[in-house]
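The structure is shown below.

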Amino acid sequence: MYLVTGATGQLGCRIVRKLREQNLPVRAFVRLSARYTELEARGAQIFIGDLRHGADIRKACQGVTAIISTHSASRAQSLDEIEAVDYRANMALIDQAQVLGIEHFTFISVLGADRRYEDAPIFKAKAAVEHYLQASGVSFTILRPAGLASNLLSVAEQFRRTGIYWLIGDPQNRTSIVSTDDLAQIAATSHANPGAHQQVLAVGGPEILHRGDIPKLMGQLFDREPWVLNLPLLAVDGVRNILGWVNPPAQSTLGTFRTLLAHEFFCTPEETEQIQSLYDIPLESLEHFLKRYLSI
């Protein structure tokens, strides 16, 4: 039995899909308010609970062979929520993996978790969980993805309607956007892949793009000239400064957003080749991903 947390998220639902396609038993950890009909229809066992409650975590882990942790409080409004979901919930899951002798723990971290970004609470939580997992004695695979291609689907739809692309920060910053389906396949097969055990792996797409290349790509796909609205990082800083007066917790949580905009997150050709070889998977380009989902 696989336990997948964050099972209704963009990545989690795809992981459940991949596991069920192999007829593997899956327990999907979901919130009561989540939409989980598709997971249920695919034969996943639905566990309704709250990752902030240790009793729910202990109950969800019963009878589990492997854990795939994909959850994140990326839209959190407070540091307390990030600490509870990204940090403490993962620590509790790892503790249960130790106590119950669970065979493998796959953790979805983030590219750059090891860079010690002091102003990015989610990065800091991911780094702390990585260290805890590595020291736990539990068999693990830590995956550090770059940006997810699925995050650009709504952006592409907006571009199709308006031709507008909002770009905050330096358009020359490099990125390796990974197909969310490829990442799901990698996460779903890590437990059964001995070569992936005790590994910390950067996961990106097959190409290194400049952020300014993305609106150009969308312009080519939709055959229209992109209207790029390139705002400086100072705009984000201004919003954060205002929030510091009216909503200090929100100011702190925006640190992760600013970090993502301010820095480069890309995989080297060697890292990309390692993933393709280890998982025997040809990584999908961003262009192909968008064409496939947007029926272009």
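Across the whole structure, a search finds 14 salt bridges, a salt bridge being a side-chain nitrogen of Lys or Arg within 4 Å of a carboxyl oxygen of Asp or Glu. The model is predicted, so local features need pLDDT of at least 70 and side-chain atom pairs count only at pLDDT 80 or more, whereas totals for chains, interfaces and linings use all residues. Residues are numbered from 1 along each chain as its sequence is written, and side-chain values use heavy atoms, with hydrogens and water left out.

| Glu38 | Arg42 | 2.9 Å |

Helices (H or I, at least four residues) and strands (E, at least two) are DSSP runs, numbered from the N terminus. Arg144 counts as buried at 15% relative accessibility; buried means under 20% relative accessible area, exposed over 50%, and partly exposed in between (1.4 Å probe, protein chains only).

Glu157 is partly exposed at 30% relative accessibility, as is Arg160 at 33%. Elsewhere, salt bridges that share partners join Arg14, Asp181, Glu284 and Arg292 into one network.

Helix α6 has Leu153, Ala156 and Phe159 as its buried residues. These cover an arc of only 120° around the axis, which puts them on the same side of α6; the arc is that of the directions from the helix axis to the C-beta atoms. The face turned away from this buried side carries the exposed residues Ser154 and Arg161. Among the elements covering the buried residues of α6 are β7 (164-168), α8 and α12. Just after α6, Gly163 takes a positive phi of about 80°.

In α12, the buried residues are Leu286, Phe289, Leu290 and Leu294. Viewed down the helix axis, they fall within an arc of 105°, so they line one face of α12. They pack against α1 (10-21), α6 (153-162), α7 (180-189), β10 (209-210) and α8 (213-222). Ser295, which follows α12, has a positive phi near 55°.

Glu284, a member of the salt-bridge network, is found in the loop between α11 (269-279) and α12 (286-294). Glu284 is buried, with a relative accessible area of 11%. A polar atom of the Glu284 side chain lies 3.5 Å from the backbone nitrogen of Phe289. Apart from neighbours within four places in sequence, Glu284 is in contact (heavy atoms within 4.5 Å) with Ser179, Asp182, Pro206, Phe289 and Arg292.

How many disulfides does a search of the whole structure find? The search finds zero, a disulfide being a pair of cysteine sulfur atoms within 2.5 Å. Cys61 counts as buried at 1% relative accessibility, and Cys267 is buried with a relative accessible area of 2%.

Note on methods: Polar contact = N/O pair within 3.5 Å; in protein donor to acceptor, adjacent residues only side chain to side chain.
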